[in-house]
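Biologist: Please put the sequence and the model up, and then let us go through the strand pairing and the aromatic contacts in turn.

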Amino acid sequence: MAAPLALMIAGLILAGVGAQWFAWRAGVPAIVLLSALGLILGPGTGLLDPVADFGPLLQPLIAVAVAVILFEGGLALDFRELRHSVSGILRLTTAAPLIAWLLGTLAAHYLAGLEWPVAALFGGIMIVTGPTVIAPLLRHARLSKHPATLLKWEGIVNDPIGALFAVLVYEIIVALERGNGLSGAIGHLAFNVFIAVAIGLVAGFCTVQVFRRGWIPEFLKAPLVLGVLLTCFSGANIVQEETGLLAVTVLGLVIGNAHLMAIDEIRRFKETLTVILVSSVFIILTATLKWSMVEELTWGHGLFVAVMLFVVRPVSIMGALSFSKIEWRERLLVGWIAPRGIVAVAVSGLFGTELVHLGYADGALLIPLAFAMVFSTVVLHGFSIRPMAQHLGLAVNGPPGVLIVGAHQWTIDLATRLDELDIPVVITDSRWHALRPAREAGLTTFYGEVLSEVFEHHLDTSALGKLIAATDNDAYNTLVCSDFAPEFGRRSVFQTGIHRTSEDRSRHSANQTLGGLPFCAEPLTTDDIRRNYRSGISVRQTRLTDGFGWDDFIALHAETPTVLAMVRGNQLFIGNDIPKAKPRDVILYLGAGDTDSPS
């Protein structure tokens, strides 16, 4: 029995990662493909029956996955981001959930036909938007920084809030069934929430102290955090069911904002784990859907979903953000985007079963209704977020831009050429005077340390997708590329002055697992390029045509020029990634002469 289950888990991980890869290649939201894959494997073909295949392990597996996902979300929330969005985020996590809860309860009762207690509980669950679906959508849509920050914070913070609202209603239902008072139920829940927050704070504080005092080696830090996370989640749930979600979110906030030296490694470990869990668990949850559940839904339930999408969400957001500094375009976008995910389905499944046991037959409708909301929002919001953001001017348009570290005459010339081709460029340097020609050329510049927190929080890098480290210090270039590689991708960071293939220089080279790719096919250093500049070489460009191709371009020069980059449509290629040139490609190269090559 263990072997088939292990094979099934391995297959789910591979299927989930494969769906994520295909979505990345096709440029579509991954969550849409994961939903479709779950439907095919579950109700479509019957190859996967999570309830039968996993048995009693199903609920703990989902619970642990949700805990890890929410912790990773809390870890990503940096309080310094609140500097420019604190008012909007507070409104989205206080006033907006209350308005959505009230309107959602009314819609669930009058349109979906749920009894008042069940409607109130389901209205609380529908507050959640969820980092499991928001994060992939934000990566796909390439939103500008401010609306992306609002959606990210709302998705992560409102997940435990929605679960707590559901717990509150459930506690009240149980208290009334047992003949206890309403005030007693609310007081009991408030105490449990206080305990859950305290558990998260204490666990986070102790973990931070262990790290700062050096009581644990580097290789054990990520495993320790995972152990603390699971212990915190389980311990809080012992005090009160579902308050563990709040505890692990608080734990993530404490550790994430402690600015530990090992925080980047912990984040990368948790991000990898989260990708695997999101992919696998979403397929599992979707596969639990049965055709009999779908048959229970009526036109009234469909109308409920429509009202939740087109009335409840926009009204709650517009009402919460009224008289705020958030501009109307951002309100409109946030008021539409509210995809539901794993937490909504998992919590609906938990409380739906409990309500049926308490005698509320409507509790059985929570799972199919939750799935209806998930599928509707994932598909509609997944495919509309990018076009809507572009229409409102809140998306990063055009090809991914370039961050150039190191201001020299040749890097400024390269940046100018890219800027003329509508490629976003930011050039940075810690020397004020070195950036003067770039400022005079009208380029976007950043004066300061690119590895500092100031850079991270004062410059919007959402339009950037590649990096060129071109300072005089080869070791610093390696450090910059290593730091930005997780964000931009290992094959999107380049540096000058590295010689990976020269055996006699190996003792002077950095570890091959560090740094970026060679900036040029030839191993040129910054000094090499500056020496070429003094001999009359400069950054030039030419556009190939049907009548002037690559061979003509080569024949025009006495020596084969050093190609720095190539622009093809809305794509930028650098270094060894430059493909074979075609007509209408623009070649950026080091060449001599007073004019560019003819085109």
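Biologist: Which residue of β9 does A565 stand opposite?

Modeller: This is a predicted model, in which local features need pLDDT of at least 70, side-chain atom pairs count only at pLDDT 80 or more, and totals for chains, interfaces and linings use all residues. Residues are numbered from 1 along each chain as its sequence is written, and side-chain values use heavy atoms, with hydrogens and water left out. Strand β9 covers residues 571-574 and is joined to β8 by four antiparallel bridges, where strands (E, at least two residues) and helices (H or I, at least four) are DSSP runs numbered from the N terminus, and two strands pair if DSSP finds at least two bridges between them. Within β9, the residue opposite A565 is I574.

Biologist: Which residue in the turn between β8 and β9 has a positive phi?

Modeller: The two strands form a hairpin with two residues between them. The turn residue with a positive phi, of about 65°, is G569.

Biologist: What is the bridge partner of V567 in β10?

Modeller: Strand β8 (residues 562-568) is mostly covered, seven of its seven residues being buried, that is, under 20% relative accessible area with a 1.4 Å probe and protein chains only, whereas over 50% is exposed and values in between are partly exposed. β8 also pairs with β10, in the antiparallel sense and over five bridges. In β10, V567 has as its bridge partner V586.

Biologist: Is F553 buried or exposed?

Modeller: F553 lies in helix α24 (residues 550-555) together with W550, three residues away, about one turn of the helix. W550, with a relative accessible area of 34%, is partly exposed. F553 has 0% relative accessibility and therefore counts as buried.

Biologist: Why is the pair of F553 and Y589 classed as it is?

Modeller: Rings of Phe, Tyr and Trp (its six-membered ring) pair if their centres lie within 6.5 Å, with planes under 30 degrees apart counted as stacked, over 60 as edge-to-face and the rest as tilted. The ring centres of F553 and Y589 are 4.9 Å apart and their planes stand at 75°, so the pair is edge-to-face.

Biologist: How many residues apart in sequence are the parts that the pair of F553 and Y589 ties together?

Modeller: Y589 is buried, at a relative accessible area of 1%, and ring pairs link W550, F553 and Y589 into a cluster. Since F553 lies in helix α24 and Y589 in strand β10 (residues 586-591), the separation in sequence of the parts tied together is 36 residues.
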